[in-house]
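Shall we begin with how burial is judged, and then walk through the fold?

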Amino acid sequence: MKKIILFTLSLVFVASSVFAAKVPGTFKRNDADKNGLLTKEEYVAARIDGSRDWFIKQGHGIDAYNAKFPEPEKQFAADFEKWDSNGDGSVDVTEWLNKGK
Ligand SMILES: [Ca+2]
Ligand SMILES: [Ca+2]
């Protein structure tokens, strides 16, 4: 019985690591409700937080961020719309992986 449980557990582990390898970390972090789809709101919010943090961490400061992204919502939403190739309003993992191609 113990063996069967261990075997099942290792199968679950293998299956989940295969799945994890397919979904990029950035996608997962941006997917706030973890439903496997990025909405424009989730993406724009995560991108604003992420870029602000990056500018501050790099020592450029918030003024540099504001200069680079005077209208962050608009600018990040425009990227998002390019990636949503089937136009359903959300970006799935496949669309995410194909962005910039
Ligand atoms: Ca989501
Ligand atoms: Ca889509």
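A residue is called buried if 20 or more other C-beta atoms lie within 10 Å of its own, exposed if 12 or fewer, and partly exposed in between. Keep that scale in mind for E81, a residue of helix 5. E81 has 13 C-beta neighbours inside 10 Å, so it counts as partly exposed. Along the chain, E81 and V91 are 10 residues apart, and their C-alpha atoms are separated by 8.7 Å.

Please note that this is a predicted model.

## The overall layout

The protein contains 6 helices and 2 strands. In sequence order, these elements follow the pattern α-α-β-α-α-α-β-α.

How much of the protein is buried? Of its 101 residues, 11% are buried. Contacts across the sequence are also worth a look: taking those between residues at least 6 apart in sequence, 48% join residues at least 24 apart.

## Helix 3 against helix 5

Two packed helices are described by the angle between their axes and the distance between the axes. Helix 3 covers residues 40–57 and helix 5 covers residues 72–83; their axes come within 9 Å and cross at roughly 125°. Angles of 65 to 115 degrees count as roughly perpendicular and those over 145 as roughly antiparallel, so helix 3 is oblique to helix 5. The crossing of this pair is right-handed.

Which residues meet here? From helix 3 come K40, Y43, V44, R47 and I48, and from helix 5 come P72, E73, F76, A77 and F80. By class, the residues of this contact divide into 7 nonpolar, no polar and 3 charged.

## The nonpolar core

The largest nonpolar core has 7 residues, namely F27, L38, Y43, V44, F76, F80 and V91. Helix 3 and helix 5 each supply at least two residues of this core.

Setting aside residues up to four places away in sequence, Y43 touches N30, L38, F76, F80 and V91. Y43 also takes part in the contact of helix 3 with helix 5.

## Helix 3 against helix 4

Helix 3 also packs with helix 4, at an angle of about 135° and with the axes 8 Å apart. That angle makes helix 3 oblique to helix 4. Helix 3 passes helix 4 in a right-handed crossing.

On the helix 3 side, the contact is formed by S51, R52, F55 and I56, which meet G61, I62, A64 and Y65 in helix 4. Sorted by class, this contact has 5 nonpolar, 2 polar and 1 charged residues.

S51 lies in helix 3. With 16 other C-beta atoms within 10 Å, S51 is partly exposed. Leaving aside neighbours within four places in sequence, S51 is in contact with Y65 and F69. S51 and P72 are 21 residues apart in sequence, and their C-alpha atoms are 9.6 Å apart in space.

R52 is in helix 3 too. Is R52 buried, exposed or partly exposed? R52 has 15 other C-beta atoms within 10 Å, so it is partly exposed. Its contacts, beyond neighbours within four places in sequence, are I62 and Y65. N66 belongs to helix 4, which covers residues 61–68. N66 has 12 other C-beta atoms within 10 Å and is therefore exposed.

Where is K34 found? K34 lies in the loop between helix 2 (25–30) and strand 1 (38–39). K34 has a positive phi of about 55° although it is not a glycine. With 7 other C-beta atoms within 10 Å, K34 is exposed.

Notes. Residues are numbered from 1 along each chain as its sequence is written. Chains are lettered from A and ligands numbered from 1 in the order in which they are written. This is a predicted model: local features need pLDDT of at least 70, side-chain atom pairs count only at pLDDT 80 or more; totals for chains, interfaces and linings use all residues. Helices (H or I, at least four residues) and strands (E, at least two) are DSSP runs, numbered from the N terminus. Two residues are in contact if their C-beta atoms, placed from the backbone, lie within 7 Å. Axes are lines fitted to C-alpha atoms, for helices over the stretch in contact, and angles run from 0 to 180 degrees between N-to-C directions. Angles under 35 degrees count as roughly parallel, over 145 as roughly antiparallel, 65 to 115 as roughly perpendicular and the rest as oblique. A crossing is left-handed if the near helix is turned anticlockwise from the far one by less than a right angle, and right-handed if clockwise. Ala, Val, Leu, Ile, Met, Phe, Trp, Tyr, Cys and Pro count as nonpolar, Asp, Glu, Lys and Arg as charged, and the others, Gly among them, as polar. A nonpolar core is a set of buried Ala, Val, Leu, Ile, Met, Phe, Trp, Tyr and Cys residues joined through C-beta atoms within 7 Å.
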